[in-house]
Amino acid sequence: MKQLDLATDPTVSFDTCNPIWKPFRWGARLSLLLALFHSPIMAYAEQAGQRLGHIINLGTAGPLGTYWPVGDGICDLINIERIKNEVRCRVYQTGGALYNIQALRSGDLDIAITRSALAYEAFNGTGHFADKEPYQDLRLVVGLYDQAVSVVVKRTANVTKLADIARQRIGFEKQGSGQRTDAELVMNSLGVAADNVNIAPVASAAEMSDGFCNGTVDVVIDSVAHPSSFFEKLILKCGGEIYSMTEAEIASIQRVNPGVQSLVLSSGLYKANAPAVNTYGYKAVLVSTSRIPDKTVTVVIDAITDNLPAYFAIDNAFAPYSRAKFSLEDISVPVHDGAKDLQRAIMNSP
């Protein structure tokens, strides 16, 4: 008889009319059902209000950003041990950081990548989530990498201060995307109403870069991690440069969203003589919900920390490689119980 494997075959049916059950008498059928429902997988769900933990849906973003390869790589690490751990990971391309939190709340996702500032807003019901109840079930799982926001302008555009971009055609992706959140925050910090922004609507990062190169988009505001082929194209092939913000401009952004931090892009990025760039950003974080069992989240953590060389090889955004990147310190959102051991270890390390 074919072995029933819930970790690798989520379509297993318990329909007793199915031919697979015919060799069993009713007593044997009942014993097998009881054994299945008392397996470790089913025990995950015995915690009140929690979902089954044997299959987790992980939300990322579009294919050209950093969220997608990072999420895909994490799922691969989880699935390597899916038989032993009885947890299988499925990765999905999504609308991005803001969408992912909404999908966690609705139950369409079990785990997702987002930004520290958005996680804070969702948990407290502020900012982008001011029209919703605080999402008190949201939980942090692990820190991933610093996510700098870069404002790319044409070198010929004569942008000498951030406010100069208000008269340019600014690329805006769809509502709910992380890119649009970035662009809206910058414009809000300049005191520019949405009705007065010269928006160049685009459907994706690919359309954004094409628009910048063909002249329909003048300004790109995005948080794709460096180095990336996305920014390389804008800068080396299409005449763009990353605008370096003043301390006052960064402070204006922080007044609108206190969750952002000041960041510096190193010199020599994409060009040997490129100067360092002052900007702002967030921490990219993996988040989940208290509905997901502790053991399932621990499996996710172990898949990363037990395979550090493979994990850090997923994307250049992780460089320089350090366990300190996993830290969730200073993010005022609860850590999932299944992830607390890692955070305690980081805090107690020398």
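Q: Is C238 buried or exposed?
A: C238 is buried, at a relative accessible area of 12%. Buried stands for under 20% relative accessible area, exposed for over 50%, and partly exposed for what lies in between, with a 1.4 Å probe and protein chains only. The model is a predicted one, in which local features need pLDDT of at least 70 and side-chain atom pairs count only at pLDDT 80 or more, while totals for chains, interfaces and linings use all residues. Residues are numbered from 1 along each chain as its sequence is written, and side-chain values use heavy atoms, with hydrogens and water left out.

Q: Which residue does a disulfide join to C238?
A: The residue is C213, with an S to S distance of 1.8 Å. A disulfide here is a pair of cysteine sulfur atoms within 2.5 Å. The link of C213 and C238 is right-handed, with 90 degrees about the S-S bond. It connects distant parts of the chain, 25 residues apart: C213 sits in helix α8, and C238 in the loop between α9 and β8. Helices (H or I, at least four residues) and strands (E, at least two) are DSSP runs numbered from the N terminus.

Q: And how does C213 count in terms of accessibility?
A: C213 counts as partly exposed, at 29% relative accessibility.

Q: How many disulfides are there by this rule?
A: The count comes to two. In the other one, C75 is joined to C89, with S to S at 1.8 Å. That link is left-handed, with -55 degrees about the S-S bond. C75 belongs to helix α3 (residues 67-80) and C89 to strand β2 (residues 88-92), so this pair ties together parts 14 residues apart in sequence. Both C75 and C89 are buried. With bonded cysteines counted along the chain, the pattern is 1-2, 3-4.

Q: Back to α9. Which of its residues are buried?
A: In α9 (residues 229-237), the buried residues are F230, F231, L234 and I235. Seen down the helix axis, they fall within an arc of 110 degrees, so they line one face of α9. The arc is taken over the directions from the helix axis to the C-beta atoms.

Q: Why would such a spacing put residues on one side?
A: An α-helix has 3.6 residues a turn, so residues three or four places apart point the same way.

Q: What covers that face, and what is on the other side?
A: The cover of the buried residues includes β4 (138-154), α8 (205-214), β7 (219-222) and β8 (240-242), where contact means heavy atoms within 4.5 Å. On the other side of α9, S229 and K237 are exposed.

Q: Changing topic: at what angle do α5 and α6 cross?
A: The axes of α5 (residues 97-106) and α6 (residues 116-124) cross at roughly 35 degrees and come within 10 Å. Axes are lines fitted to C-alpha atoms, for helices over the stretch in contact, and angles run from 0 to 180 degrees between N-to-C directions.

Q: Which residues meet there?
A: A97, L98 and I101 in α5 meet L118, A119 and A122 in α6.
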